[in-house]
Amino acid sequence: MRAPVRITLFNHKGGVGKTTLTANIAFALAEMGRSVLLVDSDPQCNLTAYLLPDEDVDELLNQSSGSDGQTIWTAVSPVVHNTGPGRLVEPIAVEGGVKLLPGDIRLFEFEELLYDSWTDSLKRRLGALRATASISTLVSQIHRQSPLDYVFYDTGPNIGPLNRVLLLDSDFFVVPVACDLYSVRALATLGQALSKWIFDAETIAAVAPADAELLRSLPVFLGYIPQRFKVYGRSMAAEERIYLRQIEDRIHTDISKVLREFNDKLAPARSVDPKLGRFEDMFPLVLAAQREGVAIWKSSGGTSNLCAKAHRTFRSIARRIERAAQAC
Ligand SMILES: Nc1ncnc2c1ncn2[C@@H]1O[C@H](COP(=O)(O)OP(=O)(O)OP(=O)(O)O)[C@@H](O)[C@H]1O
Ligand SMILES: [Mg+2]
């Protein structure tokens, strides 16, 4: 059985479309016949709120501490309480046959454990290594029960220990960006944080006992996606175009170059354009899709032309991601 491709859309900057893009790329891959698991690993639970009705989300959160709960907290809580290994939780089928491992606000308790388990992993402690790898182990168990082609981790907007393990468990990461000044500046922090994480993970792997569970620790930069920019006529608004040019430069200097200096397999060479597509502002579609729990191109929020455009956008991004992942 081939291992699934694990991908994270990551930017520690908030509100840059991570959740919206992740869900809709997953729907597009599912349409292409791929088996996709979405892991809502952001304690904000926005992905879960997008894909399930409010009543279901409330019920899941109320029951997640019991042994028959179904959220990511149900899975990792035995590790947090030191009562045993992680618990296998069956994902829920959502839109388009995509599977969802629902999120949970209590995931922040797992994140507290991860602070110590990272430093204890450097001290070769098997329990700490197991805790660090517990979401990764859970995904592997789900895959063994029912094979997956792709796994997406949805991350919250921060550079914390939870996002560190999710990134380091990913084969690839994609950076969504808004075309504004803050996004330009955020890229430097992102590149530095990632290379430090990869360096630390290599140190942990080098000293770890032979039977330790380890994260894969080589997340390759697959590309970036400018999003939520305004289009007038057929062109991007002038001010956003200026920022996009700066982002294109910074993607190279602050991410690709930094990662390639570390290991040249970690990012494409300068000659390759790492833009995986563009997701323009489609506010009415996005809003209605959230209300209806569907892919944005199936939502009732816009004209058929806008829906068709959204569909083309995501089909194209999904194909580009698949091609880029296969090429690595
Ligand atoms: N292309 C778009 N057009 C219009 N609205 C969008 C678009 N993409 C995202 N949005 C809206 O912008 C907001 C932020 O998007 P989203 O939640 O996907 O970002 P995020 O990066 O996951 O945020 P967070 O950092 O809080 O997790 C949401 O309200 C979403 O509905
Ligand atoms: Mg989000």
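This report describes a predicted model, taking the ligand shell, helix packing and selected residues in turn.

## Shell around ligand 1

Ligand 1 is surrounded by 19 residues, and the closest of them are G14, K18, T19, T20 and P157. Two elements give two or more residues to this shell: α1 (18-31) and α11 (283-292). The largest share, 3 residues, comes from α1.

Sorted by class, the shell around ligand 1 holds 9 polar, 6 nonpolar and 4 charged residues.

## Helix α11

Helix α11 has three named residues on its buried side: L285, V286 and A289. These buried residues fall within an arc of 95 degrees when seen down the axis of α11, so they line one face of the helix. An α-helix has 3.6 residues a turn, so residues three or four places apart point the same way.

The cover over the buried residues of α11 includes α1 and α12 (304-327). On the face of α11 turned away from the buried side are the exposed residues F283 and R291. Just after α11 comes G293, with a positive phi of about 70 degrees.

## Packing of α4 against α5

Two packed helices are described by the angle between their axes and the distance between the axes. For helix α4 (residues 72-80) and helix α5 (residues 107-122), the axes come within 9 Å and cross at roughly 40 degrees. The crossing of α4 past α5 is left-handed.

On the α4 side, the contact is made by I72, W73, V76 and V80, and on the α5 side by L107, E109, F110 and L113. By class, the residues of this contact are 7 nonpolar and 1 charged, with no polar residue.

Most residues other than glycine have a negative phi, and most peptide bonds are trans. R124 has a positive phi of about 65 degrees, although R124 is not a glycine. R124 sits in the loop between α5 and α6 (126-132).

R228 belongs to the loop between β7 (220-227) and β8 (231-232). R228 counts as buried because 22 C-beta neighbours lie inside 10 Å, and the cut-off for burial is 20 or more.

K257 is partly exposed, with 14 other C-beta atoms within 10 Å. L259 counts as buried, with 21 C-beta neighbours inside 10 Å.

The C-alpha atoms of L259 and L194 are separated by 8.0 Å, and these residues are 65 residues apart along the chain. Leaving aside residues up to four places away in sequence, L259 touches G191, L194, S195, F221, L266 and A267. K257 and E213 are 44 residues apart in sequence, and their C-alpha atoms are 30 Å apart in space.

P268 lies in the loop between α10 and α11. P268 is buried, with 21 other C-beta atoms within 10 Å. Its C-alpha atom is 8.4 Å from that of G223, although P268 and G223 are 45 residues apart in sequence. Beyond residues up to four places away in sequence, P268 touches S256 and P274.

P147 is placed in the loop between α7 (134-145) and β5 (150-154). Is P147 buried or exposed? P147 is exposed, because 12 other C-beta atoms lie within 10 Å and a residue with 12 or fewer counts as exposed.

P147 and S35 are 112 residues apart along the chain, and their C-alpha atoms are separated by 7.4 Å. Not counting residues up to four places away in sequence, P147 touches M1 and S35.

How values were computed
Residues numbered from 1 in each chain as written. Chains lettered and ligands numbered in written order. Predicted model: local features only at pLDDT ≥ 70, side-chain atom pairs only at ≥ 80, totals over all residues. Near = placed C-beta within 6 Å. Helix = DSSP H or I, 4+ residues; strand = E, 2+ residues; numbered from the N terminus. Nonpolar A, V, L, I, M, F, W, Y, C, P; charged D, E, K, R; others polar. Axes fitted to C-alpha atoms, helices over the stretch in contact; angles between N-to-C directions. Left-handed = near helix turned anticlockwise from the far one by under 90°. Contact = placed C-beta atoms within 7 Å. Arc of directions from axis to C-beta.
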